[in-house]
Amino acid sequence: MLFQSSAAWAPLLLASSASAGLFVPASTTATDLLAGKGLLNLAINQIGQAIQGNQQPCNLGNAAVRREWSTLLPSERKAYTDAVLCLQSKPARTNQTLVPGAKSRYDDFVWTHIEQTLTIHGTANFLSWHRYFTWTYEQALRNECGYKGYQPYWNWGKTAFDPINSPVFDGSDYSIGGNGDFQEHNCTNALPTGLNCIPPGAGGGCVTKGPFKNMKVNLGPVSPTLAIDGLTATFPGSAYNPRCLRRDVSPWVSSRWSTDKNSSDLITENLDINSFQTVMQGDFASGFYGVHTAGHFTIGGDPGGDIFVSPGDPAFWIHHAQIDRTWWIWQNQDIKNRQNAIAGTITLNNNPPSRDGTLADVITLGVNGPDTTIGDMMSTQAGPLCYIYV
């Protein structure tokens with residue numbers, strides 16, 4: 001049996017449901033001020049470049065603007081989720097003989113992440129790869145499904161103390177979908193070190209509210225962490241395995257590692273790229289999740305709690321837009337020294353040992369877009385990119 005009696009977890013379950021009702025966002029003043037300072041630095045930098053005759057095609061005046069989920073109008077949120085559903089309805093480009101489980105254009109993105117997981121986490125390309133991945137997904141929504149907006153982000157600090165009742169996960173038609181229905185389950189062993197096993201929350205079952213209530217997850221699981229009977233690992237995760245979208249949204253995780261202070265400390269206390277990206281991804285030996293891992297396990301469930309298949313949950317994309325925003329804010333605090341800063345190797349936590357990554361290293365997304373380089377992804381206003389965050 002994978003689950004224990006829920007009696008031991010009853011206080012947590014009660015706490016997670018007792019606050020149902022009016023959602024009050026937490027303050028994100030610290031990171032918002034850092035973002036504002038970064039925008040000012042960008043403006044000063046662009047003026048300086050223009051004076052020197054180096055004016056670039058993309059600038060603050062014509063850049064696409066990515067906005068926070070809760071600041072979008074209900075109609076804008078629905079336009080976004082409608083576009084995601086559209087992408088899930090379009091046929092896959094992935095070779096069906098090699099990857100029979102990829103049934104849709106959405107699955108094309110999921111498979112790309114599955115296939116490259118061990119070379120895009122704990123690596124020099126972690127931030128740049130996911131920046132390009134998220135941008136390419138945004139372009140698919142716009143170019144293939146008629147979406148007129150841009151990729152929204154989920155400011156974790158706003159929802160850290162009550163994610164379930166937030167506009168992100170409240171289960172309304174204007175959310176990114178609700179929590180899973182309650183299904184008894186054990187704690188989620190999220191970290192490879194086994195530390196800080198996540199107490200079971202009020203979910204664990206299928207998502208039955210919101211725009212993705214009828215969604216099918218087709219690929220994986222590869223490394224599932226949701227402790228329920230019947231959810232077993234498959235490898236390499238390419239088989240057709242249709243199942244419901246499950247979540248176990250966890251305020252236990254978000255209130256510890258996704259607060260505004262977690263983000264502002266990450267940005268202000270880590271002055272080099274190596275420490276910044278390492279702290280962001282977590283220190284598993286000490287049980288520290290970091291904002292990256294915490295975001296994934298605030299979502300939890302299947303495939304949200306599976307490092308390989310996590311893009312199979314639509315909440316992945318607003319989470320990784322916030323990862324990108326956090327890096328963007330960090331870069332903009334010191335553009336001269338941070339714009340092209342890179343550290344790390346080309347294997348997960350340098351296991352097995354490998355060479356250092358370089359700006360010339362190629363990023364490939366298979367059928368989803370053309371190859372690019374890490375160097376082309378270092379600025380959101382250069383190369384193929386032209387966007388900012390507000």
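Q: By about how many helical turns are D265 and K261 separated in helix α8?
A: In this predicted model, D265 and K261 form a salt bridge whose closest N and O atoms are 2.6 Å apart. Both residues belong to helix α8, where they stand 4 residues apart, and the separation is therefore about one helical turn.

Q: How many residues apart are K158 and E68?
A: K158 forms a salt bridge with E68, with 3.6 Å between the closest N and O atoms. The pair links distant parts of the chain: K158 is in helix α6 (residues 156-159), whereas E68 is in the loop between β1 (64-66) and α3 (74-89).

Q: What is the relative accessible area of E68?
A: E68 is the acidic partner of K158 in a salt bridge. Buried means under 20% relative accessible area. E68 is buried because its relative accessible area is 3%.

Q: Which residue of the salt bridge between R105 and E144 counts as buried?
A: The closest N and O atoms of R105 and E144 are 2.9 Å apart, and the bridge links helix α4 (residues 105-116) to helix α5 across 39 residues. E144 has 24% relative accessibility and so counts as partly exposed. At 2% relative accessibility, the residue that counts as buried is R105.

Q: Which residue caps the N-terminal end of α9?
A: Helix α9 spans residues 273-281, and G282, with a positive phi near 110 degrees, follows the helix. At the N-terminal end, a side-chain oxygen lies 3.1 Å from the backbone nitrogen of N274. The residue that supplies this oxygen is D272.

Q: Against which helices do the buried residues of α9 pack?
A: The buried residues of α9 are I273, S275, F276, Q277, M280 and Q281. They pack against α5 (126-145), α8 (260-269), α10 (290-299) and α11 (315-332).

Q: What is the relative orientation of α9 and α10?
A: The axes of the two helices come within 3 Å and cross at roughly 25 degrees. Angles under 35 degrees fall into one class, and α9 and α10 are therefore roughly parallel.

Q: How many residues in the contact of α9 with α10 are charged?
A: V279, M280 and Q281 of α9 meet G290, V291, H292 and T293 of α10. The residues of this contact divide into 3 nonpolar and 4 polar, and the number of charged residues is none.

Q: Which residues does S310 touch, not counting residues up to four places away in sequence?
A: S310 is placed in the loop between α10 and α11. Its relative accessibility is 4%, so S310 counts as buried. With residues up to four places away in sequence not counted, S310 touches H113, H296, P303, G304 and F316.

Terms used:
Residues are numbered from 1 along each chain as its sequence is written. This is a predicted model: local features need pLDDT of at least 70, side-chain atom pairs count only at pLDDT 80 or more; totals for chains, interfaces and linings use all residues. Side-chain values use heavy atoms; hydrogens and water are left out. Buried means under 20% relative accessible area, exposed over 50%, partly exposed in between (1.4 Å probe, protein chains only). Contact means heavy atoms within 4.5 Å. A polar contact is a pair of N or O atoms within 3.5 Å; within protein, one must be able to donate a hydrogen and the other to accept it, and residues adjacent in sequence count only if both atoms are side-chain atoms. Axes are lines fitted to C-alpha atoms, for helices over the stretch in contact, and angles run from 0 to 180 degrees between N-to-C directions. Angles under 35 degrees count as roughly parallel, over 145 as roughly antiparallel, 65 to 115 as roughly perpendicular and the rest as oblique. Ala, Val, Leu, Ile, Met, Phe, Trp, Tyr, Cys and Pro count as nonpolar, Asp, Glu, Lys and Arg as charged, and the others, Gly among them, as polar. A salt bridge is a side-chain nitrogen of Lys or Arg within 4 Å of a carboxyl oxygen of Asp or Glu.
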